[in-house]
2 protein chains.
Amino acid sequence: MTLACSPSQHAVDVKALLHQSPLFAGLDDAVLDEMLSHFRRETWKQGRQVTGQESGQRFHIILSGRLKMAQINPETGRMVTLFLLQPGDGFDVISLLDGQPDPLIFEARDDLLMLSTPMQEARHWIEQHPAFNRSFLPYLGKQMRTLANLAGDLALHDTETRLARLILRHVDDEQKSGPLRLTHNLSHEALAEMIGSVRVVVNRQLQHWQREGVVVTRRGELIIKELEAMLKKAMHFPKHTSHQ
Amino acid sequence: MTLACSPSQHAVDVKALLHQSPLFAGLDDAVLDEMLSHFRRETWKQGRQVTGQESGQRFHIILSGRLKMAQINPETGRMVTLFLLQPGDGFDVISLLDGQPDPLIFEARDDLLMLSTPMQEARHWIEQHPAFNRSFLPYLGKQMRTLANLAGDLALHDTETRLARLILRHVDDEQKSGPLRLTHNLSHEALAEMIGSVRVVVNRQLQHWQREGVVVTRRGELIIKELEAMLKKAMHFPKHTSHQ
DNA sequence: GTTTTTCTGCTACCAGGGTTACACAGAACG
DNA sequence: CGTTCTGTGTAACCCTGGTAGCAGAAAAAC
């Protein structure tokens, strides 16, 4: 998956997209069609915020755009991004699993195009189609890994390491070679939320790296000049980090 | 579930135990028997450490004792406890889901009595018994919630709040009224790992509370004198915190 | 009972990173 | 095309919470 946002054309080839998605890759066309008949299209404009309570009644599958799934501290107003969901991802998976509403905030980072269906319907469908588990369970595993790594990082590593890792995680996805220009379209604020820190700190760090000549930063993009150096900063990279 | 450790008698009534477990509560006796026939008993002595690589080949169900599931920073030697698994819990669920080994450390906090079976067998069994999903999926949801809350807490709250919450979470499980004596049998070190901090800080905090007259601490136990005050320290308690 | 190990209480120290504040650049929007 | 809003660069400040170290208490091991 990539951090880059897909253009949200309305003529998206839904089935092609789902076939690539980790959740539905394995399903054959007939089953996919049957499933799609239960879903309807839904669009959110960039910036739209919804709480777990509100969105908790329907299960969504992202077709284009990115969705921030975050936790908030009402006292300070600070946020952490737990997931930055991509096309092919579903939400809210946790509510889907246990039926409880999530005390989370969902925010469209881009214009979103999604499929949605009532939670109850989604659960029922899953029950009827055990084959779906073949991709669903591994998908859950990946999500849990991502969360576990986030928690581990927050507790064990400093902000520099966390930021370096966040960046390198996206190198994996984008082009593996070349000049390593990452266009994430994320503000420093957004990056900060993803590593559980604050804008000023992210900026400070990027500036520092820039002076070292390790990276070059622009609005919404970042060029890695010295991959080796970055890897060193992200040291002790866990072997099986989520590649989401 | 409770933090107190069950005595690890070897004459445990396995089926009775599994019926109470969130994972197997819903299954009828016949299915349970069939499942048990695939498992064998396994015991670990308190303090035994195993990496995800090593234990990754078998899936375990805890019958008695507690198991720490932790991430480590090899550079500093510090650890975070992601889960403190209890009787009725299974591990490693993440590996079970996606087949990848976990870069985690498992450590027996008490003497452990478990059931275990090859991962492949467990996966196969799950596939054959869709009814199991009725309890398995909600269980996964609860685990994910726990992780999400941990990550959120680490990013958004100070150590005092995190420690207060850790303690109060166990009040829910133990007796709800009375003198609120919690016997957790955990060292300050262990508590620290559970909130992503260090021994000194936990001690400092507990001592502080003790001087305030809010709690009284002893080895392995803690008495809450002023529940109201504690609740205040844990302020902004998320509505749907895991009650694991 | 004695020794050894593990826990606990406490202190001194200091640095990472969070808070606040402000000026400027670049987008967005009418 | 000017106004408005959002994002970026940077500085001063300082407090939480982490590191290091040690002495005594309590368990565990012998």
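Ala192(B) is buried, at 0% relative accessibility (buried: under 20% relative accessible area; exposed: over 50%; partly exposed: in between; 1.4 Å probe, protein chains only). This residue is found in helix H8 (residues 188-194) of chain B, where helices (H or I, at least four residues) and strands (E, at least two) are DSSP runs numbered from the N terminus. The model is predicted, so local features need pLDDT of at least 70 and side-chain atom pairs count only at pLDDT 80 or more, while totals for chains, interfaces and linings use all residues. Residues are numbered from 1 along each chain as its sequence is written, chains are lettered from A and ligands numbered from 1 in the order in which they are written, and side-chain values use heavy atoms, with hydrogens and water left out.

**Surroundings of Ala192(B)**
- Leaving aside residues up to four places away in sequence, Ala192(B) touches Ser197(B), Val198(B), Arg199(B) and Val202(B); contact means heavy atoms within 4.5 Å.
- Between Ala192(B) and Val216(B) there are 18 Å in space, C-alpha to C-alpha, and the two are 24 residues apart in sequence.

**DNA strand C**
- DNA strand C is surrounded by 18 residues, the closest being Ser197(A), Arg204(A), His188(B), Arg199(B) and Gln207(B); a residue is near the strand if one of its heavy atoms lies within 4 Å of it.
- This surface comprises 4 nonpolar, 6 polar and 8 charged residues (nonpolar: Ala, Val, Leu, Ile, Met, Phe, Trp, Tyr, Cys and Pro; charged: Asp, Glu, Lys and Arg; polar: the others, Gly among them).
- Helix H9 (199-212) of chain A and helix H9 (199-212) of chain B each supply at least two residues of the surface, and H9(B) gives the most, with 6 residues.
- Sugar or phosphate accounts for 55% of the atoms of DNA strand C within 4 Å of the protein, and bases for the rest.
- Phosphate oxygens of DNA strand C lie 2.4 Å from a side-chain N or O atom of Ser197(A) and 3.1 Å from a side-chain N or O atom of Arg211(B).

**Interface of chains A and B**
- Chain A and chain B contribute 44 residues each to the contact.
- About 3900 Å² is buried between the chains, 67% of it on carbon and sulfur atoms; buried area is the accessible area (1.4 Å probe) that two parts lose on being put together, summed over both.
- Met144(B), Arg145(B) and Leu156(B) supply 19% of the area that chain B buries against chain A, more than any other three residues.

**Helix H5 of chain B**
- Met119(B), Ala122(B), Trp125(B) and Ile126(B) are buried in helix H5 (residues 119-128) of chain B.
- The buried residues fall within an arc of 125° seen down the axis of H5(B), so they line one face of the helix; the arc is that of the directions from the helix axis to the C-beta atoms.
- Their cover includes helix H6 (133-156) of chain A and, among elements of chain B, helix H2 (29-36) and strand S3 (58-64).

**Backbone features**
- The peptide bond between Phe91(A) and Asp92(A) is cis, with omega about -10°, and that from Phe91(B) to Asp92(B) is cis with omega near -5°.
- Asn185(B) has a positive phi of about 60° although it is not a glycine, and is partly exposed at 49% relative accessibility.

Key. A polar contact is a pair of N or O atoms within 3.5 Å; within protein, one must be able to donate a hydrogen and the other to accept it, and residues adjacent in sequence count only if both atoms are side-chain atoms.
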